[in-house]
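Please look over the sequence and the structure below, then follow the paragraphs with the residue numbers at hand.

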Amino acid sequence: MKSLVLNPILAKEFRSRMRNWKSPLMISLYLGLLGLITLAYYWMQQKRGFYSGFGPDVGPQIFIILSVFQLLLLSFVTPALTAGVINGERERQTFDLLLCTRLSSASIVLNKLLASISYILLLVIASLPVFAIVYFFGGVLLSDMGRVILVSMATAITFGVIGIFCSTLFKRTQVSMVVSYVVVLLFLVGTMAVTVFLQGIQTGPYPRVTAMYFSYANPLVALFSIFPNQAAGVGIMSSFLGGYRTYGYNAAVSQALSPWQYNFIFDGVLIIVLLLLTVFLLDPVGRFKRLRKNPAVVETEAESAPAEG
Amino acid sequence: MLQVEELSKSYGKFLAVDRLSFSVEDGAIFGFVGPNGAGKTTTMKILGTLLRPSSGKAWIAGEDVSQNPRRIRQLVGYMPDFFGVYDDLKVDEYLDFYSASYRIPARQREKIISDLLELMDLEHKREAYVDSLSRGMKQRLCLARCLVHDPALLILDEPASGLDPRARVEVREILKELKNMGKTIIISSHILSELTELCTHLGIIEAGKMVACGSVDEIVHRSQSAQSIEIRVLGQMDEALFIINNNLGLSAIKLDEQMLELPFNGNEEEMNRILTHLVQAGIPLVSFAQSQSNLENIFMQLTKGVVQ
């Protein structure tokens, strides 16, 4: 396991990425945008004259706006970081050279993913001072902040894995990039559209709840299920939260988990399935393909593996 | 070192490699020759564990290539017919990355990299970005990359392709040095004259099939059995043909109004006898020469220019 994740690809990716001028630029743009959004919102509130001072909803609302924008920005950035990692190696003609080494396909995929996710984590950590502004106004629990970071990272990992899968499936980077963004868009908008459609054609409370489960695949729905209940704006998403909130009918009693927890499970399953598929697609003469051809051979190899060191 | 038996690779209906069989001894330099599309790269990729064969087997140092790719990767240094470099890395970082990818402990890497850079005459470029290297230097760096894990067998696909004459000579000298170090090398090239000088063994492949295989001496000798004498005359073509075919009992053919070709397997005394007969008969000879048997000629004799 140690060799799967502590390998030279990770070190090389860090070195190459941070040597590049694009990385500091991206971090600056990312933070600049989040900061700008926060300032713009606060300025609008002041301008409208709703608050003469710090109202009780300002903190939670800034928190919601920042969290949603962070999730959207990560959804936009992640495919750009991952959808070209494998076919980029193919285009640079370094892919065969990597496969010739003792690195396994699983190790190559995991480390490419880890390198991208580490960069996203860097963006999230770098954004924490912007999020800290929320605590000037109060109204947000630290646990809520933690959950938002968890959902954001889970979403980034899911979209990252989708990007790597597309990068392995398609030979050209442009194609994998476009397909990745389409899939991300389907997650963000398509799941809501399907939920609305299912709600439209189904009657009675229980089918409605079934439709809700579908919407839990949407990271925005997961995010809104974390936000403080009293914050204005949560109501917009209430029809997708399946009554988890106090808005609309209340089916929360029948739900063992909250939407963000369902989202976590969905992301986890999807990540595992896509990673296995990616490793299978990537390995030219790997274990899976040999197993398909001759199961006895793999057993023999497994027996001799410890001696090989 | 290498044993290939009935190896085939097909892509749908296209048969890239067709029941190929050959072997390479320890310490040999095996030249893999064939026209474009003959199946050289496909065979090399199978040996480098980058492709699965459709049928057949190959063993390197007794290990089955298809069934134990991890072990094979430790035994083989594969160099494809393109550079494959990370432009944003420095020369030593590039080699360090591949050394680490072959699980070489960090404390050993520094010495290995220094030794390889010295061998490839790239020490002065240690801190340079790979991007800034010349084509010849990049090729030498790629060769160094193949050697980081000290493989017993090197599989080099067109290592001199696209290089200028000086760079080609440099690569050839390095390969000779590697041979002296005891490495077994399989090398494909279109520059056939270089292979004659460098290789101990040859395999000539066409349309996925091996048409000739053996030591360079064997192949040259085999092709010499099909040599000929070319005779150019100023006139009296019919008399010359009569002397050769009737008086000497050979079978020359007329190529054009001035040129005769005589299939000939004899020695120099017999050549002298034919020449003497023609001179004594007063045939106005311009030239009398045995066709040269270089690798180009052998290659042209053995292959038919079939492209799949």
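B:Leu175 touches B:Ile29, B:Leu143, B:Leu156, B:Ile185, B:Ile187 and B:Leu198, leaving out residues up to four places away in sequence; contact here means heavy atoms within 4.5 Å. The model is predicted, so local features need pLDDT of at least 70 and side-chain atom pairs count only at pLDDT 80 or more, while totals for chains, interfaces and linings use all residues. Residues are numbered from 1 along each chain as its sequence is written, chains are lettered from A and ligands numbered from 1 in the order in which they are written, and side-chain values use heavy atoms, with hydrogens and water left out.

Within the largest nonpolar core, which has 146 residues, B:Tyr94 and B:Leu175 touch the most other members. A nonpolar core is a set of buried Ala, Val, Leu, Ile, Met, Phe, Trp, Tyr and Cys residues joined through side-chain atoms within 4.5 Å. Buried means under 20% relative accessible area, exposed over 50%, and partly exposed in between, with a 1.4 Å probe and protein chains only. A second, separate core has 18 residues, including B:Ala240, B:Ala252, B:Ile274 and B:Phe288.

B:Tyr94 also takes part in a helix pair: B:Val91, B:Tyr94, B:Leu95 and B:Tyr98 in H3(B) meet B:Leu141, B:Cys142, B:Ala144 and B:Arg145 in H5(B). By class, this contact has seven nonpolar, no polar and one charged residues; Ala, Val, Leu, Ile, Met, Phe, Trp, Tyr, Cys and Pro count as nonpolar, Asp, Glu, Lys and Arg as charged, and the others, Gly among them, as polar. H3 (residues 91-101) and H5 (residues 135-147) of chain B pack at an angle of about 30°, with their axes 9 Å apart. Axes are lines fitted to C-alpha atoms, for helices over the stretch in contact, and angles run from 0 to 180 degrees between N-to-C directions. H3(B) and H5(B) are therefore roughly parallel, a term for angles under 35 degrees.

Chain A has 16 helices and zero strands. Helices (H or I, at least four residues) and strands (E, at least two) are DSSP runs, numbered from the N terminus. Of the 309 residues in chain A, 50% are buried.

A:Ala154 lies in helix H10 of chain A. This residue is buried, with a relative accessible area of 12%. Apart from neighbours within four places in sequence, A:Ala154 is in contact with A:Phe264 and A:Asp267. The C-alpha atoms of A:Ala154 and A:Ile265 are separated by 9.9 Å, although the two residues are 111 residues apart along the chain.

Terms used: Angles under 35 degrees count as roughly parallel, over 145 as roughly antiparallel, 65 to 115 as roughly perpendicular and the rest as oblique.
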